[in-house]
Amino acid sequence: IMSCNILINGYFQIGDLDTARNLFDEMPDRNVATWNAMVTGSIQFEYNEEGLSLFREMHELGFLPDEFTLGSVLRGCAGLRALYAGRQVHGYVTKCGLEFNLVVGSSLAHMYMKSGSLEEGEEVIKSMPIRNVVAWNTLIAGKAQNGYSEGVLNQYTMMKIAGFRPDKITFVSVISSCSELATLGQGQQMHAEAIKIGAGSIVSVISSLISMYSRCGCLEDSMKAFSEREDEDVVLWSSMIAAYGFHGRGAEAIELFEQMEKTDWEAN
RNA sequence: CUUAUCGAGCAUUC
């Protein structure tokens with residue numbers, strides 16, 4: 001069973017979902033990790049409904065979902081904004097006493113906040129006796145996504161006071177909030193802190209910076225950030241194109257787009 | 001053997 005589980009995970013990793021599924025179907029015996037591999041694999045490829053039905057199926061067959069199952073299932077619920085299903089899973093989590101587990105707790109909170117229930121998500125995180133960077137990021141990103149930008153900045157300072165080191169995900173959330181608020185000073189400060197921590201040339205961070213500077217009226221700084229990139233991707237380029245567009249610089253926007261079309265990663 | 005958090009723009013009701 002164990003070697004089949006490893007193979008199933010391997011096929012998911014290389015994106016061969018059909019072979020993974022066939023292997024699973026042909027297994028005479030399965031264990032929880034087998035089901036977890038299928039649930040996780042499906043949900044990672046955004047086949048969230050599939051993942052949830054596999055979860056129901058395993059549950060009906062008497063397999064007890066563990067922390068691995070629950071983390072993935074909650075991610076699937078988040079992807080579907082399935083608040084009702086998510087609450088049911090929450091009930092199960094409580095029954096198993098896993099609500100203070102770092103991974104399960106963050107997944108729960110993420111499910112709530114992604115489904116628009118910031119309060120419930122925040123409650124879950126705040127009730128956790130131990131937090132890690134992901135738990136902090138989950139809260140920060142959740143507030144950012146729900147447009148609670150002031151709260152994002154507050155949580156960011158709380159996180160640092162608690163002695164955690166922000167990472168690229170933290171910065172992306174915080175910088176995007178500065179962008180929403182069009183609060184240049186804060187944005188510049190976050191830029192400086194990102195550089196200090198060595199996150200200043202990560203693509204996702206630069207994309208947020210480009211957008212933030214653009215919305216704050218500093219197209220020059222957007223261009224400067226764009227020129228400091230050490231990697232490329234579609235979102236990065238789209239950010240710069242949008243920034244030009246926002247400032248009425250149509251010619252530059254089109255020029256960038258044409259350059260982008262010559263590369264192998266395609267426009268979306 | 002398997003689990004959680006991030007970025008651009010566009011689009012959706014009236």
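Visitor: How much space lies in the largest pocket?
Guide: This is a predicted model, and the lining of its largest pocket includes His110, Lys168 and Ser204. By class, that lining divides into four nonpolar, six polar and one charged residues. The space in the largest pocket comes to about 360 Å³.

Visitor: Which element gives the most to the lining of the largest pocket?
Guide: Two helices, α9 and α11, each supply at least two residues of this lining. The one that gives the most, with five residues, is α9.

Visitor: Which element gives the most to the lining of the second largest pocket?
Guide: The second largest pocket has a volume of about 300 Å³, and 15 residues line it, with Gly71, Arg75, Val103, Ser107 and Val134 nearest its centre. At least two lining residues come from each of α3, α5, α7 and α9. The element that gives the most, with five residues, is α7.

Visitor: How far from a sugar or linking oxygen of RNA strand B does a polar side-chain atom of serine 239 lie?
Guide: For serine 72, a polar backbone atom is 3.1 Å from a sugar or linking oxygen of RNA strand B, while for serine 107 a polar side-chain atom lies 3.3 Å from such an oxygen. For the polar side-chain atom of serine 239, the distance is 2.9 Å.

Technical notes
Residues are numbered from 1 along each chain as its sequence is written. Chains are lettered from A and ligands numbered from 1 in the order in which they are written. This is a predicted model: local features need pLDDT of at least 70, side-chain atom pairs count only at pLDDT 80 or more; totals for chains, interfaces and linings use all residues. Side-chain values use heavy atoms; hydrogens and water are left out. A polar contact is a pair of N or O atoms within 3.5 Å; within protein, one must be able to donate a hydrogen and the other to accept it, and residues adjacent in sequence count only if both atoms are side-chain atoms. On a 1 Å grid over the protein atoms alone, a cavity is a set of points where a 1.4 Å probe fits but cannot get out, and a pocket is an open set with protein on both sides within 12 Å along at least five of seven lines; lining residues have an atom within 4 Å of a point. Grid points are joined across faces, edges and corners, and a volume is the space filled by probe spheres set on the points. Helices (H or I, at least four residues) and strands (E, at least two) are DSSP runs, numbered from the N terminus. Ala, Val, Leu, Ile, Met, Phe, Trp, Tyr, Cys and Pro count as nonpolar, Asp, Glu, Lys and Arg as charged, and the others, Gly among them, as polar.
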